[in-house]
Amino acid sequence: MYAALWHILPGPVWVRILILLVLLAAVLYALAFWVFPWIDDLTAPVRDVTVDQ
Amino acid sequence: MSEQGDSAPADIEPARMRPRQKKRGMVSRVVGVFGELLITAGVLVLLFLGWQFSLNGIMLSNQQASDADSLAQNWATQTAAPTPTATQPSAEPVAPSTFQYGEPPTLATPGNAQEFAILYVPRFGSDFKKTIAEGVDPRSVLNNGGAGHYSTTQMPGQVGNFAIAAHRDGWGSPFLKINELQVGDQIYVETQDGWYTYTYRSSEYVTPYGVGVIDPVPQNPGASPVDRLITLTSCNPLYIASERVIAYGVLTDWTPRSAGPPAAIAGLTGA
C-alpha cells in the first residue's frame, strides 16, 4: 500500500519526500479539525459527568 | 589473509547482483496491505487520543479563557442596575444579612446553553477560569470545556443549591483536580452583579443516579434550605466514570461589582 504510493509519486527522492510531507500535513489537519471533532461528537454522551435519574 | 574474503566462490557474485524477484504472491500482497491498514488504524487511534487529551484540551481552554474575558468585559462596561431578583420560592426568613454588602442579588434564569457566569477555583490552578453555561447537555455545554448549571437548581447566591457539572477526563478537563480541594478552599463565581465567594466544605462519592446531591438540601429531598450551597459534580474514577465525585461549598461572602473583585482572583478577572 505505502510502497505503491511511493512508486506512484513522481520525481527524485527529495521531491517525493516533500510531497509526502505535504500530504501528511494535510491529512493531520483534516483529522484534527474535521474527523476527530466529528468522532468526538458521536461519542459525546459516553463519558457522562452529571447525576441523572 | 582472512578466510571469509577469499573463500567466497566466484560464481556467487552474479547471483547476488540479480534484481530481486518483482512478483509477489497474491496472498502475500493481501496480507501486506492488511498489515499496513492495521498499523494505520493503530496510529489513528493514538492520534485521536493525543488530540482529545492535548490539542483539543488546549484549544478549549483558550476558548474558555477568551469567552470568560469577553463576558467580564461586557459586565464591566455595562453600568446597568442589578437584575431584578428572580421570583423563586424561598423559605428564607427576613433576617439581618451576615454579608458585608447585604443580601446577594440573584440572576434571572439565563437562556439554554447561555454562558452567564465565570468560575474561579485557585486550587485547580492559579489561572483557572471557566465559564458556566445554563444546562448540562454534553454537546451544547459541557463539551465546550466549561461548566454547566443544572437548570433545576438555584442560581448563584440563592438559598438552596447552585449545582454545576464539568468534565475531568477530556474536553479541557476543567474539574480534573476536584478531588484535591481542601476544606476552606475558595470557589468564586462571577456574574454580572459581582463575585460570590463559596468555601469548600466536603466531598461525597455517589452513583450516576445519585440525584440527591443537587437537591436544595443535598440528600434531603423536601427539606427547606437555609444555606446557600454550591455543588460541583464530575465523573469518578478518572476515565472510567462509573461513579460521580461531588464537592460541596457554602456561600461565605459576596462582593458587588462596584467594590471590585476579591483579592485572590483580582489578577484573573477582566481582560
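Colleague: At what angle does α3(B) run to β2(B)?

Modeller: This is a predicted model in which local features need pLDDT of at least 70 and side-chain atom pairs count only at pLDDT 80 or more, whereas totals for chains, interfaces and linings use all residues. Residues are numbered from 1 along each chain as its sequence is written, while chains are lettered from A and ligands numbered from 1 in the order in which they are written. Axes are lines fitted to C-alpha atoms, for helices over the stretch in contact, with angles from 0 to 180 degrees between N-to-C directions. α3(B) lies across β1, β2 and β5 of chain B, and the angle to β2(B) is about 75 degrees.

Colleague: How many helices and strands does chain B contain?

Modeller: Helices (H or I, at least four residues) and strands (E, at least two) are DSSP runs, numbered from the N terminus. Along the sequence, chain B reads α-α-α-β-β-β-β-β-β-β-β. The count for chain B is therefore 3 helices and 8 strands.

Colleague: In what order do the strands of chain B close into a barrel?

Modeller: Strands of a sheet pair through backbone hydrogen bonds, either parallel or antiparallel. Here two strands count as paired if DSSP finds at least two bridges between them. The pairing in the barrel is mixed, and its 8 strands follow the order β1-β2-β3-β4-β7-β8-β6-β5 (chain B). From one strand to the next, the twist averages 30 degrees, in the order β1-β2-β3-β4-β7-β8-β6-β5.

Colleague: Over how many bridges do β6 and β8 of chain B pair?

Modeller: β6 (residues 194-206) runs antiparallel to β8(B). Within that pair, Tyr200(B) stands opposite Gly249(B) of β8(B). The number of bridges between β6 and β8 is 12.

Colleague: How many bridges join β3(B) to β4(B)?

Modeller: β3 (residues 147-149) and β4 (residues 160-165) of chain B run antiparallel. His149(B) stands opposite Ile164(B) in β4(B). The bridges joining β3(B) to β4(B) number 2.

Colleague: Which residue in the turn of the hairpin formed by β7(B) and β8(B) has a positive phi of about 70 degrees?

Modeller: β7(B) and β8(B) pair in the antiparallel sense over 8 bridges, and Ser234(B) has Val245(B) in β8(B) as its bridge partner. The hairpin has 6 residues between these strands. Most residues other than glycine have a negative phi, and most peptide bonds are trans. The positive phi of about 70 degrees in this turn belongs to Tyr239(B).

Colleague: Which peptide bond of chain B is cis?

Modeller: Pro237(B) is found in the loop between β7 (228-236) and β8 (243-256) of chain B. Omega of the bond is about -10 degrees. The cis bond joins Asn236(B) and Pro237(B).

Colleague: Why does Ala241(B) count as partly exposed?

Modeller: Ala241(B) lies in the loop between β7 and β8 of chain B, and its phi is positive, about 65 degrees, although it is not a glycine. A residue is buried if 20 or more other C-beta atoms, placed from the backbone, lie within 10 Å of its own, exposed if 12 or fewer, and partly exposed in between. Ala241(B) counts as partly exposed because its number of C-beta neighbours inside 10 Å is 19.

Colleague: Which helix gives the most to the side of chain A that touches chain B?

Modeller: Two residues are in contact if their C-beta atoms, placed from the backbone, lie within 7 Å. By this criterion 17 residues of chain A are in contact with 29 residues of chain B. With 6 residues, the helix that gives the most is α2 (residues 13-42) of chain A.

Colleague: How many residues of α2(A) are buried?

Modeller: α2(A) bends by about 45 degrees at Leu31(A). Its 30 residues are hardly covered. The count of buried residues in α2(A) is 1.

Terms used
Bend = angle between axes of the 7 residues up to and from the residue.
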